[in-house]
Amino acid sequence: MLWLGFALGSAFFAGITAVLAKVGMKNVNSTLATAIRTVVVLVFSWWMVFLVGSQAEIARLSGRTLFYLVLSGLSTGASWLCYFRALQLGDVNKVAPIDKSSTVLTILLAFLLLGEPVSAPQIVGVLGIGTGTLLMISRKETDTEGKPDGRWLLFACLSALFASLTSIFGKIGVEGVESNLGTAIRTVVVLGMAWLMVFVTGQQKGIRRIGRRDWLFLLLSGLSTGLSWLCYYRALQDGPASVVVPVDKLSILVTIAFSRLILHEKLSRRAAVSLALLVLGTGAMLL
């Protein structure tokens, strides 16, 4: 079960990414920061391709494989676009829970499209992960003036859907392809969409105002993202998506641990309960 080790590695590096990105984006627009981090991921992923010598496989890739790798990249970019649009129109405490439901959607799509079985323990795991995630990100609602724009719900649902499709397309696309090469090709597509977001929103002018400390943490964040992606798609190549995806979601444990050490953020009682549900739910998925 080497794939499980890669899945845990993906969770670890993803957890570090969240903390590094939070520090690095303190004075930087999040869209611009995402595009900069993607450049680092691209360089790192292609460096790994040439390190393991898989660049020769490019000429042997079938049209079907490239098609699904491109779809995986496009769905990632689409998920980001919808997520940020939903946050712009709606409240974070409403958008985030819907976006996090991508875990459940991935398991359902893996069952419907990939034929991966769903056992009783996995159903229990889905309930535990879903409940724990909602508790972790939920906040008390406050009254706001003005009538909210109802389109946020549509964009939030699309964000979760595209995030789920990213995992499914990635699973199909990496079959028969060296995982590092698959990740590198997919990152090219994501990079294009990320910088498209920057220029569409006019944030490219902010590059000159980024400080050295912010650059450092953004670069470290991109490096950890690259490591997380490489581990994640290596795990998807050998393991079932219905298990790899929930294990990858354990990155929240790493994030909270490092946020406590680096950002000195305290863990509430509700958050502690939600973490227990997440861990128990993921454990049930592995049975």
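User: Is Cys231 buried or exposed?
Analyst: Cys231 counts as buried, because its relative accessibility is 13%. Buried means under 20% relative accessible area, exposed over 50%, and partly exposed in between, with a 1.4 Å probe and protein chains only. Keep in mind that this is a predicted model: local features need pLDDT of at least 70, side-chain atom pairs count only at pLDDT 80 or more, and totals for chains, interfaces and linings use all residues. Residues are numbered from 1 along each chain as its sequence is written, and side-chain values use heavy atoms, with hydrogens and water left out.
User: Which helix is Cys231 in?
Analyst: Cys231 sits in helix H9. Helices (H or I, at least four residues) and strands (E, at least two) are DSSP runs, numbered from the N terminus.
User: And what does Cys231 touch, leaving aside neighbours within four places in sequence?
Analyst: Cys231 is in contact with Phe6, Gly9, Ser10 and Phe13. Contact means heavy atoms within 4.5 Å.
User: OK, zooming out. How many helices and strands are there?
Analyst: The protein has 12 helices and zero strands. Of its 287 residues, 49% count as buried. Among contacts with a separation of 6 or more, 91% are between residues 24 or more positions apart.
User: Back to H9. How do H9 and H10 cross?
Analyst: The axes of H9 (residues 212–238) and H10 (residues 241–248) come within 9 Å and cross at roughly 155 degrees. Axes are lines fitted to C-alpha atoms, for helices over the stretch in contact, and angles run from 0 to 180 degrees between N-to-C directions. H9 and H10 are therefore roughly antiparallel. Angles under 35 degrees count as roughly parallel, over 145 as roughly antiparallel, 65 to 115 as roughly perpendicular and the rest as oblique.
User: Which residues make that contact?
Analyst: H9 brings Ser228, Tyr232, Ala235 and Leu236, while H10 brings Ala241, Val244, Val245 and Asp248.
User: What about H5 and H7, at what angle do they pack?
Analyst: H5 (residues 102–113) and H7 (residues 151–173) pack at about 50 degrees, with their axes 8 Å apart. That makes H5 oblique to H7. Residues in the contact include Leu105 and Leu109 of H5, plus Leu161 and Ile168 of H7.
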